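Work through the exercises below with the model open. Each task is followed by its solution.

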Amino acid sequence: MELPASAVLHPLHTIYFYLTEGCNLKCRHCWIDPKYQGEGEQHPSLDPSLFRKIIREAIPLGLTSVRLTGGEPLLHPAIGELLDCIGENGLQLSVETNGLLCSPQTAQDLRRSCETVFVSVSLDGVDAATHDWMRRVKGAFDKAVRGIHNLVEAGIHPQLIMTITRRNVGQVEQIVRMAESIGAESVKFNHLQPTSRGSKMYENGEALSIGELVALGEWMERTLIPSTALRIDPGHPVAFRPLGRIFGNKPGECGLCGIFGVLGVLAGGKYALCGIGEHIPELVFGNAGSDDLDSVWSENPVLNDIRNGMPHRLQGICGECLFREKCLGSCIAQNYYAKRHLWAPFWYCQQAYEAGLFPSARLR
Ligand code: SF4
Ligand code: SF4
């Protein structure tokens with residue numbers, strides 16, 4: 001098959017489907033900010049026929065994998081049909097879920113849907129009091145843990161994702177031990193982003209200072225990571241990692257931005273810069289219902305601006321960083337949200353630099 005010119009230069013490897021506008025939790029730190037969906041309620045979700053059309057148009061552009069996220073992706077009323085479509089097209093699947101709907105049946109369906117399935121389950125503490133406080137729904141911890149067990153029983157060893165705040169920072173090591181004993185394959189630590197709902201947590205003093213984050217990262221690299229056989233993503237940007245843990249990773253993995261090969265699809269069918277199009281209209285690139293994906297991918301001026309300007313137009317500390325080609329400023333979506341331009345530096349590194357904590361050996 002002859003590939004369109006846009007696909008030869010910039011293959012569209014992965015689509016992030018923000019499948020639903022609803023979520024069955026009300027997490028304090030969520031940067032997507034979906035609507036709460038209680039029992040018997042239904043918020044809009046991506047039309048399955050649109051999902052199929054997008055996959056059909058994306059395969060000639062280089063699509064090899066899809067990520068299902070949300071809101072809570074397993075709330076999608078036709079999730080089985082979407083999984084079938086992914087499997088039929090031989091795509092790799094990754095799912096970001098809060099785990100509540102990972103029943104034994106759903107876990108089996110995920111396992112059988114395609115050959116390569118990767119599931120991340122959010123767990124913000126090792127006990128109900130900590131996790132449920134973050135997630136703002138009672139019983140969330142018990143259901144998430146049950147969901148993780150169901151996944152493991154179905155043969156999927158999930159990644160656990162913990163967002164670090166002042167309240168759960170004392171459980172960082174415990175979550176790794178829990179992951180080991182429960183049969184998880186890795187743990188990813190996220191920093192609380194000063195974005196959307198996360199901004200409120202910063203205002204309320206729930207975030208660690210940059211000095212505390214850098215010290216925590218050093219301890220993880222020195223002590224926590226060598227203490228476990230599990231893969232650990234400590235959450236700090238590339239410049240703060242040992243060299244051996246930078247160059248083994250590919251774009252889209254372990255904190256490396258995959259923006260040259262990633263496109264977001266929102267629940268209403270809009271194409272966007274990952275999920276940030278939910279908040280920022282100028283980062284919506286078209287609509288799957290009316291626009292041809294090849295034209296969006298090859299002609300959208302923002303996407304072309306990113307391709308032409310990244311990483312040499314990055315500003316602040318990211319412009320000075322030795323690893324900017326690899327890291328691409330960590331997350332252009334978050335950076336844009338914070339400063340309303342594409343070349344803004346990542347907040348963590350910029351704050352660390354201003355506090356004299358950025359490693360000088362990593363400057364150009
Ligand atoms: S300074 Fe920017 S490019 Fe360098 S590691 Fe930090 S976020 Fe990445
Ligand atoms: S812009 Fe952010 S969300 Fe999108 S691929 Fe890069 S790191 Fe991921």
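**Exercise 1.** Sort the shell around ligand 2 by residue class.

*Solution.* This is a predicted model. List the neighbours of ligand 2: Tyr16, Cys257, Gly258, Cys274, Ser330, Cys331, Ile332 and Ala333. Then assign classes. Six are nonpolar, two are polar and none is charged. Finally, check the domains. Domain 1 (9-287) and domain 2 (310-362) each supply at least three residues to this shell.

**Exercise 2.** Locate ligand 1 relative to the cavities and the two domains.

*Solution.* Start with the space: ligand 1 sits in the largest cavity. Next, collect its surroundings. They are Pro237, Val238, Ala239, Cys318, Cys321, Arg324, Cys327, Gly329, Ser330, Phe346, Cys349 and Phe358. By class, nine are nonpolar, two polar and one charged. Now compare with the domain bounds. Both domain 1 (9-287) and domain 2 (310-362) contribute to the shell, so ligand 1 lies between them.

**Exercise 3.** Describe the second largest pocket by volume and lining.

*Solution.* The volume of the second largest pocket is about 280 Å³. Its lining consists of Asn24, Tyr36, Gln37, Gly38, Glu39, Gly40, Glu41, Leu75, Leu100, Leu101, Val137 and Lys143. Classify these: five nonpolar, four polar and three charged.

**Exercise 4.** Characterise the annotated stretch, residues 9-237.

*Solution.* Take the record first. The unreviewed UniProt entry annotates residues 9-237 as the domain "Radical SAM core". Then turn to the model.

Conventions:
Residues numbered from 1 in each chain as written. Chains lettered and ligands numbered in written order. Predicted model: local features only at pLDDT ≥ 70, side-chain atom pairs only at ≥ 80, totals over all residues. Heavy atoms only, no water. 1 Å grid on protein atoms, 1.4 Å probe; cavity = no way out; pocket = protein on both sides within 12 Å on 5 of 7 lines; lining within 4 Å. Points joined across faces, edges and corners; volume = space filled by probe spheres on them. Nonpolar A, V, L, I, M, F, W, Y, C, P; charged D, E, K, R; others polar. UniProt positions renumbered as here; feature names shortened; annotations may be inferred. Near = heavy atom within 4 Å. Sits in = over half its atoms within 2 Å of the grid points. Domains from an automatic or database assignment.
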